[in-house]
Amino acid sequence: VPASIDNDIFGTDMCIGVDTALNTIVDAIDKLRDTASSHNRAFLVETMGRMSGYLAMQAGIVTGAELVLVPEVPTNVEVVAHTMEAAYQRGKSHCIVVVAEGANPPISELAAMINSRDLGFSTRVTILGHIQRGGKPTSFDRLLASRFGVKAVEFLVEGKTGSMTGLVGREIEAIPLSTVLSNQKRLPMDQYEMAQMLAR
């Protein structure tokens, strides 16, 4: 049964815990935006995900972040600085940049580079950390876990051993562990491009 908030397990569209973590991130960014607006600040917000930018990308889309930085796409500091400065010049009262923990450069180095420039905003760093891993599971995660559990037992009864339950579209399927372990889940680049487009 796939359970990883990073959503980095091949063979399933969604893992248990992803939706709960994403909702926690969105709630935190919404609260940070209030402070950012009232104090004319830019916030660099780090999400978990190890080497997967899935959580950062999804959070960036649904919170309307000005920029999303993920490990799968090289970070250009000049683009980050230009985006933040352009937001300030357009009269925005705040700027939110969502940074996946595996992005390069790390958020601390990125913040130092940004703070060395006069972009209009006062910049702050917020690392959400392990708060993303706890809390009450969303109804989606509870239902997904129940579906995975039932299907895991059914697959065992049917003799489908050496498999993982995987959400494929709307159905739960038995995915051979050999397939899961020999493939790497990739970030859906169409969604990453959508995040960049919506930020403009």
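In what order do the elements of the chain run from the N terminus on? They run α-β-α-β-α-β-α-β-α-β-β-α-α, where helices (H or I, at least four residues) and strands (E, at least two) are DSSP runs numbered from the N terminus.

This is a predicted model, in which local features need pLDDT of at least 70 and side-chain atom pairs count only at pLDDT 80 or more, while totals for chains, interfaces and linings use all residues. Residues are numbered from 1 along each chain as its sequence is written, and side-chain values use heavy atoms, with hydrogens and water left out.

**Figure 1. Overview of the chain.** The chain has seven helices and six strands. Its C-alpha atoms fill a box of roughly 65 × 30 × 25 Å along the principal axes. Of the 200 residues, 46% count as buried; buried means under 20% relative accessible area, exposed over 50% and partly exposed in between, with a 1.4 Å probe and protein chains only. Among contacts (heavy atoms within 4.5 Å) with a separation of 6 or more, 73% are between residues 24 or more positions apart.

**Figure 2. The four-stranded sheet.** The strands form an open sheet in the order β2-β3-β1-β4, with parallel pairing. The edges are β2 (67–69) and β4 (122–127), each of which pairs on one side only. Neighbouring strands of the sheet are turned by 20° against each other on average, direction ignored. Axes here are lines fitted to C-alpha atoms, for helices over the stretch in contact, and angles run from 0 to 180 degrees between N-to-C directions. Two strands are taken to pair if DSSP finds at least two bridges between them. Strands of a sheet pair through backbone hydrogen bonds, either parallel or antiparallel.

**Figure 3. Strand β3 and its partners.** Strand β3 (residues 95–100) runs parallel to β2 and is joined to β2 by three bridges. In this pairing, leucine 67 stands opposite valine 97, and valine 68 stands opposite valine 98. The pairing of β3 with β1 is also parallel and spans six bridges. Here leucine 44 stands opposite valine 97, and phenylalanine 43 stands opposite isoleucine 96. Because six of the six residues of β3 are buried, β3 is largely enclosed by the rest of the structure. Cys95, Val97 and Val99 point one way from the strand, and Ile96, Val98 and Ala100 the other way.

Figure 4. Seven of the seven residues of β1 (41–47) are buried, so β1 is largely enclosed by the rest of the structure. One face of β1 carries Arg41, Phe43, Val45 and Thr47, the other Ala42, Leu44 and Glu46, and both faces are covered. In a regular strand the side chains alternate between the two faces of the sheet. Six bridges link β1 to β4 in the parallel sense, with arginine 41 opposite serine 122 of β4. Threonine 126 is also found in β4 and counts as buried because its relative accessibility is 19%. Leaving aside neighbours within four places in sequence, threonine 126 is in contact with Leu32, Phe43, Leu44, Val45 and Glu46.

**Figure 5. Helix α3 across the sheet.** Helix α3 (residues 77–89) lies across β1, β2, β3 and β4 and runs at about 160° to β2. Histidine 82 is found in α3. Is histidine 82 buried or exposed? Histidine 82 is exposed, because its relative accessible area is 54%. The C-alpha atoms of histidine 82 and lysine 92 are separated by 14 Å, the two residues being 10 residues apart along the chain.

**Figure 6. Packing of helices α2 and α7.** Helix α2 (residues 54–63) packs against helix α7 (residues 189–199) at an angle of about 35°, and the axes are 9 Å apart. Met57, Gln58 and Ile61 of α2 make the contact with Gln191, Tyr192, Met194, Ala195 and Leu198 of α7. By class, this contact has six nonpolar, two polar and no charged residues.

**Figure 7. Two buried cysteines.** Cysteine 15 counts as buried because its relative accessibility is 0%. Cysteine 95 is likewise buried, with a relative accessible area of 0%. How many disulfides does a search of the whole structure find? The search finds zero disulfides, a disulfide being a pair of cysteine sulfur atoms within 2.5 Å.

Key: Ala, Val, Leu, Ile, Met, Phe, Trp, Tyr, Cys and Pro count as nonpolar, Asp, Glu, Lys and Arg as charged, and the others, Gly among them, as polar.
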